[in-house]
Amino acid sequence: MLDNIDKKIISFLNESFPVESRPYKKIADELNITEEEVLSRVKGYKDTGKLRKMGAVLRHRNVGFKTNVLCVWKVSEDKFKEVADIMLTESAITHCYSRVSYPEWPYNFYTMIHAADKTECENIVKRLSEKTKLEDYKMLYSIFEWKKESMKYFT
C-alpha cells in the first residue's frame, strides 16, 4: 500500500525530472527525507511493478528537428536481427520496433527518423535501404504533433 510519502514521490516523478547531479536528493530535500529513502522507495516501485519505466520525452521540434518520418519496412524473419543491428547504429532513429504484419499490411519493422527536413529524411532512409538491402518500405510523414504527456498520478 502506498503511503503519503510514496504519493508525493510519485507526484514529483510525474513532473519534469530535475536536471542536476543528484536529482533524487532534490526530491528528498523537498520531502524532508533522505536521498537513500527516495532511492529505496523508487527501487521498490520498480521491483514490484508499480513503476515500469522512466524516460525522456524528446520535443524534437524544439531541438531543431523539423521533420520526422515513420518508416515501415518489410523484413524477413531470418534477417530481423541483422537489420535491427544496422538500424540501431543510426543516430537519427529514435524508435525502432517490430509489429505483426498482415496480408494487407506486410510491414513488420518500424523506425522513427528525425531530421532537419524532408530531403535529409529521404537520404537517411535511402542509406538505410542500401545498408540493409531492404527495398520494400513506406515513409509516413508526421503532419501534426499530438500532445506528448504521460499519465499523472496523485496530482
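This is a short tour of the structure above, one selection at a time.

**Before you start**

The model is predicted, so to speak of local features a pLDDT of at least 70 is needed, side-chain atom pairs count only at pLDDT 80 or more, and totals for chains, interfaces and linings use all residues. Residues are numbered from 1 along each chain as its sequence is written, and side-chain values use heavy atoms, with hydrogens and water left out.

**The whole chain**

Show the chain as a cartoon. You will find five helices and four strands; these are DSSP runs (H or I of at least four residues for helices, E of at least two for strands), numbered from the N terminus. Starting at the N terminus, the elements follow the order α-α-α-β-α-β-β-α-β. Of the 155 residues, 34% are buried, where buried means under 20% relative accessible area, exposed over 50% and partly exposed in between, using a 1.4 Å probe and protein chains only. Among contacts with a separation of 6 or more, 64% are between residues 24 or more positions apart; a contact means heavy atoms within 4.5 Å.

**Stop one: helix 1**

Select residues 4-14, which form helix 1. Asp-3 caps its N-terminal end, with a side-chain oxygen 3.0 Å from the backbone nitrogen of Ile-5. The buried residues here are Asp-6, Ile-9, Ile-10, Ser-11, Leu-13 and Asn-14, and they pack against helix 2 (23-31) and helix 3 (35-47).

Leaving aside residues up to four places away in sequence, Asp-6 touches Met-1, Arg-41 and Tyr-45.

**Stop two: helices 2 and 3**

Next, show helix 2 together with helix 3. They pack at an angle of about 110°, and their axes are 8 Å apart. Axes are lines fitted to C-alpha atoms, for helices over the stretch in contact, and angles run from 0 to 180 degrees between N-to-C directions. Helix 2 is therefore roughly perpendicular to helix 3, a label for angles of 65 to 115 degrees (under 35 is roughly parallel, over 145 roughly antiparallel, and the rest oblique).

Move on to the four strands, which form an open antiparallel sheet in the order 2-3-1-4; two strands pair if DSSP finds at least two bridges between them. Strand 2 (93-98) and strand 4 are at the edges with a single partner strand each, so one side of each has no neighbour in the sheet. On average, neighbouring strands are turned by 20° against each other, direction ignored. Select residues 80-87 as well: this is helix 4, which packs on the sheet and touches strand 1, strand 2 and strand 3, its direction making about 10° with that of strand 3.

**Last stop: strand 1**

Finally, select residues 67-73. How many residues of strand 1 are buried? Seven of the seven are, so strand 1 is largely enclosed by the rest of the structure. One side carries Thr-67, Val-69, Cys-71 and Trp-73, and the other Asn-68, Leu-70 and Val-72.

Seven bridges join strand 1 to strand 3 (residues 109-115), and five join it to strand 4 (residues 137-141). Centre on Trp-73: it stands opposite Phe-109 in strand 3 and opposite Tyr-137 in strand 4. Beside it, Val-72 has Tyr-110 of strand 3 as its bridge partner.

Definitions and conventions:
A polar contact is a pair of N or O atoms within 3.5 Å; within protein, one must be able to donate a hydrogen and the other to accept it, and residues adjacent in sequence count only if both atoms are side-chain atoms.
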